[in-house]
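User: Please take a close look at one part of this model. I want its pairing and packing spelled out, contacts included.

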Amino acid sequence: MFCSDIAYKYKYRLVEGSMPLSKNVCNDLGIICETDYFGLIPVRDAEAAEGDECSAKQWINLRNPLSLHANDRSHPILLSLRVKFWVPAHLILQDSVRRLFYMQARQELLDGHISTSSWATAAHLTALLLQADGYSYDPEKVPANLNVMERASLNGTIDRRQLRRPSKRKCSETDIKRASIASSVTLEDATVETKPKNIYQEYIIRPKFEDVEPEPIPDNFIQMVAKEHETLSKIKMTASSAQYWVLEEISSLNGYGEEVFEGVTISEPSVRCKIDVNPHGLKISKGDEKFNVPFPAMKAAKAIKRSIRLTYMNEEHEEVNLELKLPNHRTAASLYRVVTEKQSFYCCETVRPIVTTQFIRDFKGTIVSMFNEDTELGKRYVFDIQRTCREVYDNARRTLHSRGIEITKVQQECPQVQAEKLDQQLSQEAAESNKLERLVEERILEAVTCIICVDNQMETMFLPCGHIAACRQCAEQCDRCPLCRANIECVQKAFLPPVLRTRRQSSSAQAAAVAVA
C-alpha cells in the first residue's frame, strides 16, 4: 500500500549556503534531477507546519546564505520541502518527483486549497485518491450514508473550528467530566465510540461554489464515490497511474499552484485587491471587478518597500498600471519575486541575465561597495531561478539517459476512456459468446432432428445396423435404413441424453415464439 503520509520536512544545522541543503534534501528523497520544481520554506513550529502554508509562502532564496533566515543560531531551522513550480504530469519523468507532487496535491485537495466546482468531480477525485493510496474497491466496506454531523460539516452549516482539537485546559476538564460518568458508559457504547471511521469518509473532497448558490452534498455521495472507485478497479488502474491522473485532473481546478496576496490599491485605499499568482498568470480581484492577466501580457513589475507596481497589457492592447500597497515589505518582495520567477519559468525560453544577476545589499555591504564595487559583502540575490520549464525537462531527459535510467511510461488514456474501452470490449466478448452459443444450439438442434421430415426429434434406432436417424412416424414407413441402406429387421425406441432433449425443447419453444411474433 502506498504510504501517503511520508514526512518531507527535514532538520539541518545552520549552514552558510542554501543550495547544497536543497540538493541534500532531494538526494535523500531519491530525486536525481528535476530539483528546480521544488523550494524550501521555513516552518516556525509544528503547529504552523500543520496549518495553512498555501497562501503567500516565504520561499527561501537558495542562492543566499541560510543564516539570513535564522533569528536564533543556537537552534536548528525547521524547513519544509514544497512544490514551487507546478507542471503537467506528463512532464514529470521520475516516479519520486511525481510522488512528491501527488502528496502535496492530495493534502491540498483534502484541506480545500484546491477545490472542485461540482460534487460529481469531487466524487471522481475522491475515487482517484483512494486508488492512488492503494485501496482496492470492496463493496462490503462501502457505507450506506453519512450521518447528520458529517453532512452538516460538509454543507458548511457547522463551524469547522468546532471540530478542532481543544486546548489542554479544555481537555483536562473534559477528562474530569468523562471520569465522573465513566460508570454509566456501557461496553457497547464504548465499542461504538472507538469504532474506526470508514475510509470513504476520510477522503471526502468538498467543492467550492463561486458566484453560484452552493449545492448541498447529495444523499448518495458515498455511492457516487464507490461507483467511480469500482470503475477504476475494473480497469485495473495502478497506484502510479492514479497519482498521474490526480495531477492531471487538478491542473484545471481552482487553487492549483496558486499563491494569494492581498492588499489595497494606492489610488483608492478603501478598495481591497487580491492577486492569485498561478502557473497560467495572475487572477486579480479588485473590488467587484475580476479579470485574468496571462504571463505573456505582463510587461514589468517593480517593488518599492511595501508598494508594488504591475504593468500589463489589457484585452484592448492598452498598457495598464496597477499599484498596490501590501501589509509589509516582505510580502511586497515575495509578490515581486513570485511574479517574476513564474513568468520566467513558464513563458521564457531561458532565464535572462537581468533576472539571475539582480541583487541588493545590506547596510554594511552598501558602505563597502562605495569603495569596491566588486565586493561580495552583504550581497543578497533577489531571485534563485536557474532554468525554465523547458530547460528543466530537457536537462532531466539528458541526465536520465546518461545514467541509463529508463523513463517510466504511465497510461496516457484517462480513466473515462479506459472504462469506455473496457465496456466495449466486454460487450464485444458477450456478443461473440452469444453468437458461439447460438451456433452450438443450431448444431445440436440439427444433430437430434429427424433427417427425413426435418421436423420432429429422433427417437428410434434401426436394427441390426444401429443407426439413430428418424422419428417414430418416419421410422414406421421405412424398409431400409436411410443412412446405410441396410434392411431393417426391427425398430427400437432410442432415449437421447436429457441435456439434448432439454436443448431441443428450449430451441423449439424459441422458434415457436419467433414465429408467433
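Analyst: Two strands count as paired if DSSP finds at least two bridges between them. The model here is predicted. Strands β2 (residues 38-42) and β3 run antiparallel, joined by five bridges. Isoleucine 41 stands opposite serine 80 of β3. Strand β3 spans residues 77-83 and is mostly covered, with six of its seven residues buried.

Helix α4 covers residues 119-132, and helix α10 covers residues 239-250. They pack at an angle of about 150°, their axes 8 Å apart. Angles over 145 degrees count as roughly antiparallel, so that is how α4 and α10 lie to each other. Their crossing is left-handed. On the α4 side, the contact uses His124, Leu125, Leu128, Leu129, Gln131 and Ala132. Helix α10 answers with Ala239, Ala242, Gln243, Trp245, Val246, Glu249 and Ile250. By class, this contact has nine nonpolar residues, three polar and one charged.

Helix α9 (residues 221-234) also packs on α4, at about 50° and with the axes 8 Å apart. These two helices are therefore oblique to each other. The crossing of α4 and α9 is right-handed. Here α4 contributes Trp119, Ala120, Ala122, Ala123, His124, Thr126, Ala127, Leu128, Leu130 and Gln131. From α9 come Phe221, Met224, Val225, Glu228, His229, Leu232 and Ser233. The residues of this contact divide into eleven nonpolar, five polar and one charged.

His124, Leu128 and Gln131 of α4 meet α10 and also meet α9.

Methods. Residues numbered from 1 in each chain as written. Predicted model: local features only at pLDDT ≥ 70, side-chain atom pairs only at ≥ 80, totals over all residues. Heavy atoms only, no water. Axes fitted to C-alpha atoms, helices over the stretch in contact; angles between N-to-C directions. Helix = DSSP H or I, 4+ residues; strand = E, 2+ residues; numbered from the N terminus. Parallel < 35°, antiparallel > 145°, perpendicular 65-115°, else oblique. Left-handed = near helix turned anticlockwise from the far one by under 90°. Contact = heavy atoms within 4.5 Å. Nonpolar A, V, L, I, M, F, W, Y, C, P; charged D, E, K, R; others polar. Buried < 20%, exposed > 50% of the residue type's maximum accessible area, 1.4 Å probe, protein only.
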